[in-house]
Amino acid sequence: MSFPWANEYKPANPLTQWLDEKLPLPRFVYNAVGAGYPVPRNLNYMWNFGVLAGFCLMLQIVTGVILAMHYAANSGVAFDSVEHIMRDVNWGWMLRYAHANGASAFFVVVYIHIFRGFFYSSYKAPREMIWLLGVVIFLLMMATAFMGYVLPWGQMSFWGAKVITGLFSAIPLIGDPLQQWLLGGFAPDNAALNRFFSLHFLLPFVIAGVIILHIWALHIPGSSNPTGVEVKQESDTVPFHPYYTAKDGFGLGVFLILYCAVLFFAPNMLGHPDNYIAANPLSTPAHIVPEWYFWPFYAILRAFTADFFFIPAKLMGVLAMFAAILVWFFLPWLDTSPVRSGHYRPLFRKFFWILLVDVIVLGYCGGSPAETKYVLISQIAATYYFLHFLVILPLVSSIEKPEPLPFSITEAVLGKDEGAVLNANPAAA
Amino acid sequence: MADEASIDPAEVTGEGVRRRDFINIAAVSFAGVGGLAVLYPLVSQMSASADVLAESSTEIDVSAIQPGQAIKAVFRKQPVFVRNLTKAEITEAEKVDTSSLRDPQTLEERTKEGKTNWLITMGVCTHLGCVPLGAGEGEVKGEFGGYFCPCHGSVYDTAARIRKGPAPKNLEVPPYEFTSDTVVKIG
């Protein structure tokens, strides 16, 4: 949906007029990300990260398709073909580092995007579907990133594949056959490597499809904004182009500076030296950890060390790890406060920051060795994580007294809203 | 099909409508069954292929393994631990009360008759599949003197039974037989 005051697309010359009748693609772009799409005038830089995430996906697809031209998905030569890309292929080192660090950049951007959603309660009605689709995108991203990390067929690739597919063996009765079905064998080997490559190539396009749905669902109510007050009138909005194309362009520039700094000056900062050793099925590296973006969830997996009534510890860990993400699906109905923005929710705001610290603590523990002290901290932090979503959030929603909201976005920005008086009291006009 | 009496006569009047219903149901069912039939090979192709399943049985000469020593062999592309237990290790394994174990089994159940000193297990941790330490020269054996998995801290005893940590089961005993006093055939 667009607001009634949206600018209308007017084809300027005979060619665009002809095109507008046959295939109105320019009209579609104009109404989606052009001057025909009115957007709240008060969006801050936290609203840049959707566009940045879209940029990261394109970056990954472009570099990934190129890497696939030089890579060989066969367990006998995969490791060597990656070294071939690094040493022999023109600019191969840059493309591979761009892809590997692009994955990390993608997750940085998406985590900020998600926590923006937490703070401003972007998941609330009428935007639940946008949020649900976003969680689906995140799950697809995790699967894609995991399978991509297996492809270089180094030690971390191999043992990561073994441990992660081992998660499925925790499922009662069907676990072991399921793991063998996923791997196409008893341990990761050529069959697993080939299918992971095939799916790693496919899933980004599935993600692109779900992103289209995500944006489609977004364009029905339009973007939320830092006040959480819905758009009421024309003075609350500005056209997407040139205002937000410019703002997003600036954000993209800042992002690229940071990304290139890592890419060109510390390309292995986020990697593991063990993955430069070819896969060896007979020797496990002393300290296996997943990539940093999985650490919080890995910590939750390892937090379960004792059987829970009749459920084995292994299964509990796996269930808890998946539940940590699946709980997000219920967020629109767990947070029942009618006020969206954390700016007007004093109590909610405090718990938001505690949750952020909690997730960082989980991440730190997930990246550390499985020693007693880190496991103990993980157990406390994991308990808090679930408490936040299942107990604290519903409770805070019911006992909190929110601060007064501005009448409109215009009032929040300008300090007064001339139109508001007219609207509030038609007799005064 | 629904009971005739329960159908509103008004709906039954046109005989052609019911013929059409039948054709609809038959066609959709036929296409549905056909679709499911196509799905089966699409799912089944993911399972281990014939060459992977063809068990490469491994023969190992164990004559050189002294009591207290162990070797790593390969079976189905996964490590197998062949360990010659010392008398002390056997006694220690036998004196454990099996009812106190997470996966209760005696040493006798996990070895061949008259060959209780030969402990042959997969070198695959039953938690998430790492290779436990303890078979190689100078590796940590863990606090129960068997195997220790460094990934998530599972500890196995001298009968390779799970004693501590997240793993749910004892190290798996693969199918094997002694073809002579010194040669064991796994698989």
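In this predicted model, the structure holds 1 disulfide over all chains. The bond is formed by B:C130 and B:C151, whose sulfur atoms are 2.2 Å apart. The two cysteines bring together distant parts of the chain, being 21 residues apart. B:C130 belongs to the loop between β4 (118-122) and β5 (145-148) of chain B, whereas B:C151 is placed in the loop between β5 and β6 (155-157) of chain B. The torsion about the S-S bond is about -100°, and the disulfide of B:C130 and B:C151 is therefore left-handed. Both partners are shielded by the protein: B:C130 has a relative accessibility of 1% and counts as buried, and B:C151, at 4%, likewise counts as buried.

Other cysteines were examined for comparison. A:C365 takes part in no disulfide, and the cysteine sulfur nearest to it, that of B:C151, is 18 Å away. With a relative accessibility of 2%, A:C365 counts as buried. B:C125 is also in no disulfide. For B:C125 the nearest cysteine sulfur belongs to B:C149, at 3.9 Å, and a disulfide requires the sulfur atoms to be within 2.5 Å. B:C125 is buried, its relative accessible area being 4%.

Over all chains, the count comes to 43 aromatic pairs. One of these joins A:F55 and A:F255 in an edge-to-face arrangement, with 6.1 Å from centre to centre and 80° between the planes. This pair links distant parts of chain A, since A:F55 is in helix α3 (residues 49-68) and A:F255 is in helix α10 (residues 240-265), 200 residues apart.

The ring centres of A:F240 and A:Y244 are 6.3 Å apart and their planes meet at 45°, so the pair is tilted. The two residues are 4 residues apart in helix α10 of chain A, which means that about one helical turn separates A:F240 from A:Y244. Both A:F240 and A:Y244 are buried.

Charged side chains lying over aromatic rings were also found in chain A. A:K247 lies over the face of A:Y45, at 4.4 Å from the ring centre. In a second case, A:R345 is positioned over the face of A:F348, and the distance from the ring centre is 4.1 Å.

For chain A, an unreviewed UniProt entry lists residues 15-227 under "domain: Cytochrome b/b6 N-terminal region profile". Over residues 15-227 of chain A, the chain is 70% helix and 1% strand. The end C-alpha atoms of this stretch of chain A are 43 Å apart. For chain B, the annotation "transmembrane region", again from an unreviewed UniProt entry, covers residues 22-43. Over residues 22-43 of chain B, the chain is 100% helix and 0% strand, with 31 Å between the end C-alpha atoms.

Definitions and conventions. Residues are numbered from 1 along each chain as its sequence is written. Chains are lettered from A and ligands numbered from 1 in the order in which they are written. Side-chain values use heavy atoms; hydrogens and water are left out. UniProt positions are given in the numbering used here, feature names are shortened, and annotations may be inferred rather than shown by experiment. Buried means under 20% relative accessible area, exposed over 50%, partly exposed in between (1.4 Å probe, protein chains only). Rings of Phe, Tyr and Trp (its six-membered ring) pair if their centres lie within 6.5 Å; planes under 30 degrees apart count as stacked, over 60 as edge-to-face and the rest as tilted. A charge sits over a ring if NZ of Lys or CZ of Arg is within 6 Å of the ring centre and within 35 degrees of the ring normal.
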